[in-house]
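Open the model in your viewer and keep the selection panel at hand.

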Amino acid sequence: MTISTGRTPQAAVHADNGADAVTALLPSEVPVRLIGPDGAAQEDSRYPRPSGEALLDAYARLVSGRRINDQANALVRQGRLAVYPSSHGQEACQVAAAAVLEPQDWLFPTYRDSVAVMSRGVDPLQVLTLLRGDWHSGYDPYEHRVAPQATPLATQLLHAVGVAHAAKLKGEDTVVLALCGDGATSEGDFHEALNFAAVFHVPVVFFIQNNEYAISVPLKNQSVAPSLAHKAVGYGMPGERVDGNDVAALLSVLGAAVERARAGGGPALVEAHTYRMQAHTNADDATRYRSAEEVQNWVPRDPLTRARSYLRSLGLLDDRREEALVADAETVAAAMRNGLNTDADPDPMALFEHVYTARTTQLREQAELLRGELERDEASR
Amino acid sequence: MASTSTDIRVQTQEMPESGPETLTFAKALNAALADEMAADPTVVVFGEDVGPLGGVFRITDGLTARFGADRCFDTPLAESGIMGMAVGMAMNGLRPVVEMQFDAFAYPAFEQVVSHVAKMSNRTRGKVKLPLVIRIPYAGGIGGVEHHCDSSEAYYAHTPGLTVVAPATVADAYTLLRDAVRLNDPVVFLEPKKLYWSKETVDLPGLRRAADEALRTGGRVSGGVGTAAVARAGTDATLVAYGPSVSTALAAAAAAEAEGRSLEVIDLRSIVPYDDATVDASVRRTGRAVVIAEAPGFASVASEIAARISERCFHSLAAPVLRVTGFDVPYPAPKLEHWFLPGVDRILDAVDQLQWEEPAPLGSAPAGTGFSGEWR
């Protein structure tokens with residue numbers, strides 16, 4: 001099917017249950033691809049390829065995103081971050097998720113989507129507050145309209161539906177992009193979120209990054225659906241599959257879904273086929289459940305390589321430009337290093353500040369207990 | 001639900017009649033919801049069967065007709081979905097009031113409640129407030145079948161970030177629900193099912209004026225969330241109760257009076273925040289306390305209250321603090337619930353155990369509250 005701008009005949013789908021109406025919701029046979037692994041352009045009559053300028057901007061963000069992933073991994077090894085779930089190999093999904101949104105839209109990320117959150121404009125150090133262990137979230141969700149990164153799987157999808165429903169009731173021009181992984185599609189909240197979104201016809205685009213693994217469990221043990229995108233038809237919304245390592249296809253497919261939602265067309269489900277090149281987190285040992293050969297097979301499909309090849313073939317990228325992009329990415333990485341090399345020293349008294357708007361008498365007593373302990377500690381130094 | 005975008009409009013409030021009137025607990029809740037929706041266009045009500053039907057207990061009766069299907073609507077039958085959507089709607093400027101159809105049917109929403117509703121403010125250092133109300137018809141005494149009578153307050157009270165309210169009177173049902181909607185923190189609002197049809201003569205226009213005034217001034221209504229009430233004054237011992245157990249405690253106090261004992265009854269109204277001051281002042285004065293609740297006693301709210309009284313009022317106590325609670329068994333079938341629920345006799349038996357003359361010898365704990373020895 002094609003995600004096109006405009007209202008789909010939802011009621012008709014429901015009433016007839018006709019074969020054509022159902023077919024219209026089904027994803028394409030193979031994932032949409034606009035740039036092949038070799039960097040060569042591929043055509044898809046349904047989805048136009050983004051402009052060279054848009055792709056060059058996306059490539060700059062890919063380079064930065066890859067550098068952020070590498071830097072964060074290094075910071076874990078140095079003990080400056082407690083943990084980092086890397087999106088190495090999934091940077092095209094990360095960059096596209098941020099790029100298709102307008103400022104008034106919302107992004108609902110998972111714990112693996114730090115690069116998407118940063119690409120949306122959130123300060124990297126604020127994003128890493130969670131992973132360095134200073135607080136559970138480090139940014140103001142309203143500043144860039146990015147929800148706190150969710151650790152429980154699929155729960156944030158319902159929050160996305162709620163934000164979109166409220167926006168619709170208030171007449172706001174807001175589209176919500178809700179991210180999850182392949183494992184999360186097994187959760188009940190995934191089902192409830194898609195069903196609610198469809199029933200209330202709200203502007204949410206559900207974006208599954210199918211990276212083949214839920215920690216150690218491969219997709220075949222997670223679902224035997226024809227594809228995860230096929231699940232959409234059960235809810236009465238269109239599903240689409242896209243090559244998750246092709247930033248051009250991602251921008252086009254996600255962009256169409258977002259525009260369709262913005263125009264009142266309702267929710268859609270997009271599944272990106274990608275691969276988690278590194279372990280679940282630094283605490284994981286991926287050699288216990290997958291072969292080096294399997295991982296190696298994905299190296300030629302790297303999202304950066306193909307975007308670079310394509311842009312170079314168009315003459316939009318040369319060595320000088322590339323060096324500048326690498327230097328920009330290095331600036332971001334250096335800021336991460338510098339920021340994380342300073343201990344933040346969170347205030348223990350903050351424990352009591354935001355549990356309730358007005359502190360209960362019990363929390364006041366407990367805060368006094370801790371204050372006493374801190375003062376004794378201070379005095380004994 | 002209409003699929004077109006619709007402005008949420010302020011509805012004209014019906015002019016209240018003046019003077020006291022006889023009102024059911026259910027109607028008081030209904031009036032509170034209607035008044036909040038009339039006063040604040042961001043208040044939305046949703047859940048299962050709350051639309052045209054008006055809820056299985058009719059608490060949302062007439063709200064869809066009066067305020068439209070954008071303001072009061074039915075959802076698909078999925079409690080986690082209801083709760084998660086409420087989180088998002090609250091994030092985006094609305095004040096959702098959701099109904100969980102029955103206490104035990106709220107459990108599918110538990111992850112959303114514990115992991116997000118309760119934690120969002122703390123997680124975001126106060127940037128994201130979730131001003132939402134989770135209404136739960138709760139507790140037993142109505143002859144309900146399994147899964148319709150749970151006293152689930154401990155699960156919520158144990159979770160930091162949640163405010164937990166359980167009204168026991170018609171007037172409090174109105175005032176506490178309006179106050180709960182006004183709070184900027186999430187509230188679990190426990191409605192004792194057995195009280196839905198109870199009637200009292202209340203000055204609803206007066207209560208409405210007080211709540212409207214608080215809303216207008218941004219202040220708190222008197223008798224709002226967080227303050228316990230002395231439901232009956234007494235001098236000899238304190239009965240601490242909340243929600244469905246308050247009427248039982250009052251009946252016990254009336255019976256005790258006939259026997260020459262003056263029992264004070266504290267109606268907590270809010271489990272969280274817990275009003276230590278009112279409870280402690282009473283117990284320090286009477287020197288004796290019995291805590292009453294329907295929920296199984298082990299690791300319960302009643303246990304927390306008993307522990308707090310013991311810690312804070314130890315030197316005023318003439319006897320150990322006792323608990324009269326449901327047994328530590330699953331809620332029984334209708335024909336057996338009478339034996340499970342704390343009743344007047346069991347409360348009076350506990351009061352009798354409060355060492356009125358000589359200190360009781362060791363090992364003579366009241367029947368039913370001690371250890372049977374089977375595990376020794």
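Two residues count as in contact if their C-beta atoms, placed from the backbone, lie within 7 Å. Keep in mind that this is a predicted model.

**Stop 1: chain B as a whole**

Select chain B. Of its contacts with a separation of 6 or more, 79% link residues 24 or more positions apart. Along the principal axes, the C-alpha atoms fill a box of roughly 75 × 50 × 45 Å. The radius of gyration of chain B is 21 Å, which agrees with the value near 21 Å for a compact globule of 376 residues. Buried residues make up 55% of those 376 residues.

**Stop 2: the open sheet of chain B**

Stay in chain B and show the strands alone. Look for an open sheet of seven strands with mixed pairing. Read across it in the order S3-S2-S4-S5-S7-S6-S12. Which strands form the edges? Select 72–74 and 270–272 of chain B: these are S3 and S12, and each pairs on one side only. Now look along the sheet. Ignoring direction, neighbouring strands are turned by 20 degrees against each other on average.

**Stop 3**

Zoom in on residues 43–47 and 95–99 of chain B. These are strands S2 and S4, which run parallel and are joined by five bridges. For one residue-level view, pick B:Val44; its bridge partner in S4(B) is B:Pro96.

**Stop 4: the domains of chain A**

Switch to chain A. Colour 10–346 as domain 1 and 349–379 as domain 2. Over C-alpha atoms, the centres of these two domains of chain A are 40 Å apart.

**Stop 5: where chain A touches chain B**

Show both chains. The contact takes 39 residues from chain A and 42 residues from chain B. Finish by colouring the side of chain A that touches chain B by residue type: 18 residues are nonpolar, 15 polar and six charged.

Notes
Residues are numbered from 1 along each chain as its sequence is written. Chains are lettered from A and ligands numbered from 1 in the order in which they are written. This is a predicted model: local features need pLDDT of at least 70, side-chain atom pairs count only at pLDDT 80 or more; totals for chains, interfaces and linings use all residues. Two strands pair if DSSP finds at least two bridges between them. Helices (H or I, at least four residues) and strands (E, at least two) are DSSP runs, numbered from the N terminus. Axes are lines fitted to C-alpha atoms, for helices over the stretch in contact, and angles run from 0 to 180 degrees between N-to-C directions. Domain bounds come from an automatic or database domain assignment. The radius of gyration is taken over C-alpha atoms; the globule rule is 2.2 Å times the number of residues to the power 0.38. A residue is buried if 20 or more other C-beta atoms lie within 10 Å of its own, exposed if 12 or fewer, and partly exposed in between; C-beta atoms are placed from the backbone. Ala, Val, Leu, Ile, Met, Phe, Trp, Tyr, Cys and Pro count as nonpolar, Asp, Glu, Lys and Arg as charged, and the others, Gly among them, as polar.
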